[in-house]
Each structure stands twice: as C-alpha cells, then as structure tokens.
Amino acid sequence: MSQTITLYVDGACKGNPGLGGWGAYIITEQGKHKLFGGEPETTNNRMELQAAIEGVNFCPTDAQLIIWTDSNYVKQGITEWIHGWKKKNWKDVKNPDLWQKLDAVCANRDIEWNWIKGHAGHAGNEMADQLANLGAEQTAQQMKSSTQANADIKKPEADWLLNDPFGLDLDIEEEELIEDNDELSIEEPNIDAVATVPQAIEDISTRAQHPHIVITEAKLNLQGPRQLILDTETTGFYFQDGDRIIEVGAIEMINRKLTGSSIHIYINPEKPVGDSENVHGISDEFLQDKPKYAEIADTLFSFLQGAEIIAHNATFDMNFLNMEFNRVGLPSLSEVCEVTDTLALAKNKHPGQKNSLDALVRRYEIPARDRTFHGALLDAEILADVYLAMTGGQVSFDMDALSQTEHNQNKTVRSRIEADLPIIYPSEHELNEHETWIKQFEQKHGSACLFTK
C-alpha cells in the first residue's frame with residue numbers, strides 16, 4: 001500500500017524581483033526531509049512554484065501527497081486556472097516555464113492541494129519559510145564569494161586622480177549613495193538584510209527588542225479593556241518535573257473585536273522536546289538558535305500584564321507561565337492579569353459533552369484550519385473564534401479582514417442625533433376594520449384571536 005506524504009512548501013524573495021529562495025519541508029513515514037535553494041534574480045511567485053516543483057519531484061510517484069502552501073497563486077493555479085491556460089496554449093501566462101514543469105511533475109499523481117495562512121505560527125509552514133530564507137541566504141553567500149573571487153583575480157590599481165591627500169572633498173553620507181534599496185545590483189546584494197530578516201515578517205521596532213520576538217502592531221485603534229487570547233506549547237505536561245515552554249502566541253481583542261495586534265515567540269527550553277514533538281511538530285534543531293526564556297521574559301511580561309488572559313484549560317498555561325516568570329525573578333502572571341478559562345466555560349455550557357478545542361470547533365462550525373501540528377498562534381486564533389461563538393458574539397473575523405476601511409471608520413467622529421419620533425394613531429375607520437377582522441378570525445377558528453383585548 002502506498003504511503004501518504006505531507007509537504008509544506010514556501011518561497012521568499014528580497015525585492016520581488018530580487019534575491020530569492022525556496023524551501024520544501026517533507027514528512028514521510030521514514031522521516032523528515034528539508035530541501036532548499038535559491039536564485040540571485042527572481043520573484044516571490046517563481047520561488048513559490050519552484051518549492052512545489054522540487055517538493056513533488058522528491059516524492060515517489062506512487063505516494064499520496066498532501067501539500068500545504070501559503071500561496072493562493074500556486075494552489076488555485078494548479079487546481080483551477082491551469083486548465084484554461086492549457087486551452088489557450090499558455091498565452092499571456094506569467095511564469096509558463098515553471099507552470100509547465102509543475103504540471104509535468106504532478107501528472108498521474110494522487111495530490112491534495114491545501115492553502116494555509118502564512119506566518120501564523122504553524123510549525124510546518126514556519127519550517128518551510130525558514131528553509132526558503134536559508135536558500136536565499138545561501139545564494140547570497142555564494143554570490144558574495146564569487147564576487148570576492150573575481151576581485152582577487154584582478155584588483156584594479158587606485159586612480160591617483162581620485163585621491164584626496166589634503167581632505168578637501170566633502171564626506172558623503174552612506175544614505176546618499178543608496179537612494180533605493182530595491183534597486184541594488186545583483187553583484188552587490190543587501191547580504192545582511194537577507195541573512196537576518198526572514199521575509200520581512202517582523203516589524204522594525206520589534207527587531208530592536210529581540211530578533212525572535214514577533215510583535216504585530218494593531219490595525220484597529222480601539223479603546224477598552226484588553227483581552228489576550230493565549231496559547232502555549234511545551235516540552236511536556238508537568239511543569240513540576242522540569243517541562244518548559246517552547247512557544248507562546250497571543251492575539252489582542254478589545255470590545256469583542258480583534259485589533260490585529262499579536263505576539264509570537266519560539267523559545268529554547270534548554271532541554272530536549274522529546275515525544276512532545278509529535279504534538280506540536282517543533283524539533284530540537286528548530287529551537288537550537290531560539291532565545292532562552294530569560295532573554296524574552298521582560299518583553300513578554302510587558303505585553304501580557306494588565307490584560308484579561310483567555311485560554312483553553314487556562315490552569316495549564318498559567319502554571320507554566322507563572323513558573324517561567326518566577327524563574328527569572330518576575331511576579332506570577334496570574335497576579336497581574338485576570339484569567340478566563342474557556343474549558344470551564346464550555347463545561348458549564350455543555351455539561352457531559354466533549355469540550356476539547358477540536359470538539360468546540362465542530363460544534364460551533366468554526367472554519368477549518370490545518371492542525372496537523374498544534375501551534376500557539378494558530379490555536380489562539382481558533383480559540384478566539386470559539387470564545388466569541390460561546391459567548392454570543394460575532395464568529396467570522398479572519399485577521400486578514402481587518403481592512404483599512406474599518407480602520408478609517410474607527411477614526412470617524414460620530415455625533416449623536418436626538419429627535420422625538422412622531423406617534424401615528426389609527427383612524428376610526430382603521431379601528432373598525434381591525435375589529436371586523438378579529439371577529440371573522442374567531443368565527444373561522446373557534447378560538448380567541450391573539451389581538452383580542
């Protein structure tokens with residue numbers, strides 16, 4: 001019987017067009033495989049396609065493939081648009097060479113294509129993204145080495161006309177030499193940016209705090225008490241036995257509306273993750289370069305304190321968070337935050353029924369998301385849906401739906417208009433007609449009419 005293989009594919013590009021990379025994270029019955037590569041001058045769409053081509057090509061032809069991509073361009077292209085492109089003989093199609101390659105490697109295969117939201121904390125997608133950026137970084141280093149090698153072969157002599165022994169020339173600021181980063185030549189790529197920034201998913205202000213703390217700024221400027229829907233991933237179930245937090249994700253809600261603000265951090269637990277990797281999919285290798293809890297504790301504590309923490313089985317998360325904060329000399333989070341446990345709410349609302357997060361998603365018909373692995377930010381988004389459904393509020397509120405229009409509407413100054421509405425009384429004729437209708441109703445049905453005084 002053929003095996004089932006799960007693939008996560010992603011592309012990255014600096015400049016678009018510019019230096020790019022692709023990555024494919026492949027999970028088979030025999031183990032996990034990581035593929036990556038890059039090109040010096042390409043586009044993000046081409047790297048997304050290349051990742052899919054390389055990932056599919058790696059797998060046996062008789063295997064059933066389940067592919068996850070955060071590119072609607074790839075997913076809809078291969079499942080919907082490609083049929084029309086073939087009929088038109090690929091006329092006016094961008095990247096026809098790669099689409100034809102993808103079509104060829106997918107021919108006669110059993111493939112299920114799925115879309116996944118990018119940079120939402122899903123371990124498989126995050127790994128594919130890391131591989132894509134690794135491919136771009138490797139390509140940048142190869143270009144740098146090649147440029148250096150060429151320079152070593154022929155070093156031009158200094159032009160004495162350009163020398164300024166008396167210091168008469170004015171200094172030129174570096175910013176004036178490069179007016180537009182996106183127009184850097186291939187021979188002189190922005191190596192540092194490629195090597196340190198994973199596809200611009202972090203805000204500039206965040207990098208000043210710590211490169212592995214991802215804080216997203218609010219898109220809606222709302223006033224009111226903060227609620228933070230929170231989830232953690234850990235190395236095990238028992239904080240008393242030395243298990244540690246490896247991931248924290250929280251999204252902000254004010255007045256029952258997501259603001260778009262969130263925090264997401266991967267943490268080096270300073271111990272092996274063990275069998276818990278089967279639950280969250282986060283490996284020791286992935287966490288090796290991540291910060292220790294002490295390095296991110298102050299920033300995380302500042303983001304969380306004063307808010308109402310909403311978590312499913314909140315006792316579990318709060319015990320771990322309290323333990324971690326106490327280890328670095330900070331107060332327990334439960335001392336500075338109100339805590340709401342959605343598991344307790346669910347048990348009270350649905351006694352005697354299954355009240356796991358998955359069960360509540362099915363019960364409230366929450367839109368399905370890929371949960372091959374648990375992820376803190378992904379589970380927080382799902383829990384936000386469930387919390388609003390359980391407490392009688394709106395349910396559909398994808399983070400991407402926080403549009404600029406809503407942002408502008410939130411800023412609009414609304415003035416209250418008070419007016420006395422006129423009362424219109426029935427005429428004598430209308431009252432007589434009403435009485436006649438009531439009598440006819442009672443005669444026909446043999447019972448008093450609802451409108452009978």
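Biologist: Which residues are linked in a network of salt bridges?

Modeller: Arg-244, Glu-270, Lys-292 and Glu-324 are linked that way. Keep in mind that this is a predicted model.

Biologist: How many salt bridges turn up in a search of the whole structure?

Modeller: The search finds 11 salt bridges.

Biologist: Take Lys-34. What does Lys-34 form a salt bridge with?

Modeller: Its partner is Glu-285, and the closest N and O atoms of the pair are 2.7 Å apart. Lys-34 is in strand S3 (residues 32-42) and Glu-285 is in helix H9 (residues 284-287), so the bridge links distant parts of the chain, 251 residues apart.

Biologist: Is Glu-285 buried or exposed?

Modeller: Glu-285 counts as exposed because its relative accessibility is 55%, and the cut-off for exposed is over 50%. Lys-34 is partly exposed, with a relative accessible area of 29%.

Biologist: And what about Arg-46, which residue does it form a salt bridge with?

Modeller: Arg-46 forms one with Asp-97, with the closest N and O atoms 2.8 Å apart. This pair also links distant parts of the chain: Arg-46 sits in helix H1 (residues 44-58), Asp-97 in helix H3 (residues 96-106), and they are 51 residues apart. Asp-97 counts as partly exposed, at 36% relative accessibility.

Biologist: Which residue does Lys-290 form a salt bridge with?

Modeller: Asp-289, and there the closest N and O atoms are 2.8 Å apart. Lys-290 is buried, with a relative accessible area of 6%.

Biologist: Switching to helices. At what angle do H10 and H11 pack?

Modeller: Helix H10 (residues 293-304) and helix H11 (residues 314-327) pack at about 110 degrees, and their axes are 9 Å apart. That angle makes H10 roughly perpendicular to H11. Their crossing is left-handed.

Biologist: Which residues make the contact?

Modeller: On H10 they are Tyr-293, Ala-297, Leu-300 and Phe-301, and on H11 they are Leu-321, Glu-324 and Phe-325. By class, the contact of H10 with H11 has 6 nonpolar residues, no polar ones and 1 charged. Glu-324 also belongs to the salt-bridge network with Arg-244, Glu-270 and Lys-292.

Biologist: And H13 with H15, at what angle do those axes cross?

Modeller: The axes of helix H13 (residues 342-349) and helix H15 (residues 376-390) cross at roughly 40 degrees and come within 11 Å. With that angle, H13 is oblique to H15. The crossing of H13 and H15 is left-handed.

Biologist: What residues make the contact there?

Modeller: H13 brings Thr-342, Leu-345, Ala-346 and Lys-349, while H15 brings Leu-383, Tyr-387 and Met-390. The contact of H13 with H15 has 5 nonpolar, 1 polar and 1 charged residues.

Biologist: Now the backbone. What is the phi of Asn-108?

Modeller: Asn-108 has a positive phi of about 60 degrees, although it is not a glycine. Most residues other than glycine have a negative phi.

Biologist: Where is Asn-108 found?

Modeller: Asn-108 is in the loop between H3 and strand S5 (110-115). Asn-108 counts as exposed, at 82% relative accessibility.

Biologist: What about Arg-256, what phi does it have?

Modeller: Arg-256 has a positive phi of about 65 degrees and is not a glycine either. Its place is in the loop between strand S8 (245-254) and strand S9 (257-266).

Biologist: What is the relative accessible area of Arg-256?

Modeller: It is 29%, so Arg-256 is partly exposed.

Notes
Residues are numbered from 1 along each chain as its sequence is written. This is a predicted model: local features need pLDDT of at least 70, side-chain atom pairs count only at pLDDT 80 or more; totals for chains, interfaces and linings use all residues. Side-chain values use heavy atoms; hydrogens and water are left out. A salt bridge is a side-chain nitrogen of Lys or Arg within 4 Å of a carboxyl oxygen of Asp or Glu. Helices (H or I, at least four residues) and strands (E, at least two) are DSSP runs, numbered from the N terminus. Buried means under 20% relative accessible area, exposed over 50%, partly exposed in between (1.4 Å probe, protein chains only). Axes are lines fitted to C-alpha atoms, for helices over the stretch in contact, and angles run from 0 to 180 degrees between N-to-C directions. Angles under 35 degrees count as roughly parallel, over 145 as roughly antiparallel, 65 to 115 as roughly perpendicular and the rest as oblique. A crossing is left-handed if the near helix is turned anticlockwise from the far one by less than a right angle, and right-handed if clockwise. Contact means heavy atoms within 4.5 Å. Ala, Val, Leu, Ile, Met, Phe, Trp, Tyr, Cys and Pro count as nonpolar, Asp, Glu, Lys and Arg as charged, and the others, Gly among them, as polar.
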